[in-house]
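Hi everyone, thanks for making time today.

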Amino acid sequence: MTGRSSVSLFICDTLKFPRVPARVSEALVLRTYPLKEADLVVSFFTRDQGKLRGVAKRARRPKSGFGSGLERLSHVRMAYFQRENRELVNLDSCELIRSQFDLVSDYWAAVALDYFAEVSEQLLPSAEPNEKFFRLLLAVLDRLRAAGGGDVWRAVTYFSLWAVRLSGWLPELHVCLSCGSLLDDPEAPERAFFIRGRAGLICAHCRRTLGAGSSWELSAESRVAAAEMLRRPPAELSGADWGPGTAADLRRFLVQQIESHAERRLVTAPLLEQGSVEAGPYS
């Protein structure tokens, strides 16, 4: 009888608490939240499973096995356990592939990292793989690192443009959304304007007709820069390093597109815009 009881108990315990094999995914850490006294909730973006959230037990303790692997935008190999019908996974460990620690000594590079993480957190749906968005993040991080944080504004603009495009929200930048006229007609080029809460660009005539209040101009130079960014990776873009005032109008336009579709204001966007304003439009 004793032998049968022990065998029965063992089978019951195994069925009730199945051990799910760990999955290991290449990932970028987006954000962490404190949980209880020593744990963290971690939002991380995996190459193969999309954006996930998990609990890292005892991660806030000084001798945590996670170390610096859970810092913002750390590139890691994350080991985790998934259980069916559970929103949060259980994080087992992470192996650091590359840290962004060297970039945080530059203020604007640090702000850019916060911006990348916030936009990714807002735009990426849960548990939907997006290989192109993952490669976009790696590309702009590599560009920042190669420039020693000195090409922040081009990296931010490039990321914003492609984040909007990969989310399916990038409107045509060479046509008036209202009347359909070509903005870049070589014989009669048009000025282009944008309005918060309205997708796309409008020409000067439609701007007057619509009685648009607060509007901003998107320069022809910025539209040309956007067209090049859609054709080339960040490392192959032409021109010298950008200053904070370069293509500031394009960044404002893209941020407004992101905020309109995410239905919330970005915390980091005003910091970037402040840098552009302080520098002036011709920096």
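This is a predicted model: local features need pLDDT of at least 70, side-chain atom pairs count only at pLDDT 80 or more; totals for chains, interfaces and linings use all residues.

Strand β1 covers residues 23-35, and it pairs with β4 in the antiparallel sense over 6 bridges. Now step back to the sheet around them. Here 5 strands make a closed barrel, running β1-β2-β3-β5-β4, and the pairing is mixed. If you ignore direction, neighbouring strands of this sheet are turned by 45° against each other on average.

Helix α2, residues 107-123, touches β1, β2 and β3, and its direction makes about 100° with that of β1. Helix α3, residues 131-146, touches β1, β2, β4 and β5, and for this helix the angle with β1 is about 75°.

On to the other sheet. This one is open, with 3 strands in the order β7-β6-β8 and antiparallel pairing. Which strands sit at its edges? They are β7, at 202-203, and β8, at 216-218, and each of them pairs on one side only. Strand β6, residues 192-194, is joined to β8 by 3 bridges in the antiparallel sense. Within that pairing, F194 has W216 in β8 as its bridge partner. A helix packs here too: α7, residues 248-262, touches β6 and β8, and its direction makes about 110° with that of β8.

Look for Y115, V119, Q122 and L123 on the α2 side, and for V255, I258 and A262 on the α7 side. What kinds of residues make this contact, by class? There are 6 nonpolar residues and 1 polar one, with no charged residues.

Some of these names come back when we turn to the interior. The largest nonpolar core has 60 residues, and Y115 and V119 are among those with the most contacts inside it, as are F116, L144, F159, L201 and F253. Helix α4, residues 152-166, gives the largest share of this core, with 10 residues. Take L201 as an example: beyond its neighbours within four places in sequence, its contacts include F194, L218 and F253. There is also a second, separate core of 16 residues, and L40, V89, L91 and C94 are included in it.

As a rule, most residues other than glycine have a negative phi. L73, in the loop between β3 and β4, has a positive phi instead, near 60°. A247, in the loop between α6 and α7, has a positive phi as well, near 55°. Are these two residues buried or exposed? L73 has 0% relative accessibility, so it counts as buried. A247 has 9%, and because buried means under 20%, A247 counts as buried too.

That's my tour, and I'm happy to go back to any part of it.

Note on methods: Residues are numbered from 1 along each chain as its sequence is written. Side-chain values use heavy atoms; hydrogens and water are left out. Two strands pair if DSSP finds at least two bridges between them. Helices (H or I, at least four residues) and strands (E, at least two) are DSSP runs, numbered from the N terminus. Contact means heavy atoms within 4.5 Å. Axes are lines fitted to C-alpha atoms, for helices over the stretch in contact, and angles run from 0 to 180 degrees between N-to-C directions. Buried means under 20% relative accessible area, exposed over 50%, partly exposed in between (1.4 Å probe, protein chains only). Ala, Val, Leu, Ile, Met, Phe, Trp, Tyr, Cys and Pro count as nonpolar, Asp, Glu, Lys and Arg as charged, and the others, Gly among them, as polar. A nonpolar core is a set of buried Ala, Val, Leu, Ile, Met, Phe, Trp, Tyr and Cys residues joined through side-chain atoms within 4.5 Å.
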